[in-house]
Amino acid sequence: MNAKIADVRALEILDSRGNPTLRVSVALENGAVATASVPSGASTGENEAIELRDGDAKRYEGKGVLKAAGNVERIIAPALRGKNPAEQAEIDSILITLDGTPNKSNLGANATVGVSMAVARAAALTSGRPLYASFGQNARPTIPVPMMNVINGGKHADNSVDFQEFMIMPGGAPNFREALRFAAETFHALKKILKKRGYSTNVGDEGGFAPNLKSNEEACEVILEAIEAAGYRPGKDISIALDPAASSFYEAGVYDLKKSGQGKRTSAEMTELYKSWIGKYPIVSLEDGLAENDWEGFTAHTAALGDKVQVVGDDMYVTNTRFIERGIREKCTNAVLIKLNQIGTVTETIEAIELCRKAGWGYVISHRSGETEDVFLADFAVAMGGGQLKTGSLCRSERIAKYNRLLEIEAELGPAAIFENPLAAGRR
C-alpha cells in the first residue's frame, strides 16, 4: 500500500556553478524520504517558467532561493500532506493551481519542479520499483544515446566561439557501456589535439573544453580529428550534434557572430552556413540554429535541412505544449528539447513529450548548465523512451553521475535493455 505524504521540506544548496538552488525532500508516513535537486540554466528561453530568486544583494549576489524554499514549506507542504505520491498528475495539478500563473512566477518553477520530482521519487520508493520503471510510460526500457558537449562556447564559456555546444553522439556503439567508452576515448583524444595546437584545455560550464579557436568551424574540425584519432569512424561510430543557441547572438534581426569576428548574417545565410557544414562533417542534429522568435526563419530552416538532420527547438518551445503545438502547425522543427524546469512539473513535461510522439517528432531529454549530482534525469530519459539525452561532457561529477546511473540501469536490465540510435540512417 502506498504511504501518504507526511511533510515536504526545502533546503538551499549549491549547483555546479556555485549558485544557490533547491533540494526538496518529501517525507512519507512510513518514514521513507525522497529528495530531488533542481538544476538552473544560463541560456534560457524568454518564455520559460520563472526561477524564483530572492533579489537580496547581501546574499549570493541576489541569487538566493530562500523565498522559493519558504513557498515549498509554507504553501505547498500543507496542501500535499495526506496525499498519495502515486497520484502524480493530481499533485502536479495542485502545484499549478497553488501557483496560479502561466509561468510559475508566484511560487517559482524551482519550487514546483523540485516538489514534483521528489514526489515522483517518493512514488517509486513506495512501489518498490526503480524510478525509471515507475512512470508507466514506456514498455521498452530504452537507454538513451548521449549527446556529449565536448567543446563549449557562447554563454557557457569565455572564449572566441559563438556557438554554445559542439557535441558527440556515439550512436554506433552496441550498448551504452561501449558508447560511454567510445566517447570518453574521443574526449581524451580531443584534449591531446587541442594541446598540440596550443589551445587551452580548461573546461566550461558543462565540462567541454573552452579554447579560443580561430573560427566556429574549427570546433568541428578538431572533433572530427579526435574521433579518428581515437580509432572510430565519423558518422558511423560517432557523429556530431550542434547547439548554436542562436538567440544569444541574435540582435536587431540579424545573427552577429561577434565572439569569433565572423560578421553578421540573416536567417537564410545562417541556414546556408549549417548546410555547408552538414556537407563536410558528420552532423546529425542541430538545435536552436536560429533565434527563439524567428519562427518564419525556422520554417524555411527546417524545410532546407530537416531531411538531412534532426532540427531541434529549445528556446522557442521551452517544453510548453502551447508553443510546441504552434511549431507542429508551422513545421518549424522536427524535434523538441525537453527540460523539466522549463515548464515546472513532471506531468506537464510528460504532456510535452506525448505531443511530440503524436506528431512523430523526436525529443531529447536535457539537463541544464547549472546542474547538481541528482540523477533523476537519467531515469526519466529511460522511462520516456526517446532514445536521446543531453547531460554534458565526459568530466565534472554532476554530469558523470547521470552517465554512471545509466550504466547501473543498463546492468540491472540486462538483456531487456534497449540501446539503439534514433538518428541512424533510415530511422530518422
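1. V318 is buried, at a relative accessible area of 1%. The cut-off for that label is under 20%, so V318 qualifies. This is a predicted model.

2. Where does V318 lie? It is found in the loop between β11 (310-313) and α8 (321-330). Its backbone deserves a look. Phi of V318 is near 40°, a positive value in a residue other than glycine. Most residues other than glycine have a negative phi.

3. A245 is not a glycine, yet has a positive phi of about 55°. The residue is found in the loop between β6 (239-243) and β7 (250-251).

4. Is A245 buried or exposed? Its relative accessibility is 1%, so A245 counts as buried.

5. Now the helix pair. Helix α10 covers residues 346-359 and helix α11 covers residues 376-384. The two pack at an angle of about 35°. Their axes are 12 Å apart. The crossing of α10 past α11 is right-handed.

6. Which residues make the contact? From α10 come V346, T349, I350, I353 and R357. From α11 come F376, F380 and M384. By class, the contact of α10 with α11 has six nonpolar residues, one polar and one charged. T349 is the polar one and R357 the charged one.

Conventions:
Residues numbered from 1 in each chain as written. Predicted model: local features only at pLDDT ≥ 70, side-chain atom pairs only at ≥ 80, totals over all residues. Heavy atoms only, no water. Axes fitted to C-alpha atoms, helices over the stretch in contact; angles between N-to-C directions. Helix = DSSP H or I, 4+ residues; strand = E, 2+ residues; numbered from the N terminus. Left-handed = near helix turned anticlockwise from the far one by under 90°. Contact = heavy atoms within 4.5 Å. Buried < 20%, exposed > 50% of the residue type's maximum accessible area, 1.4 Å probe, protein only.
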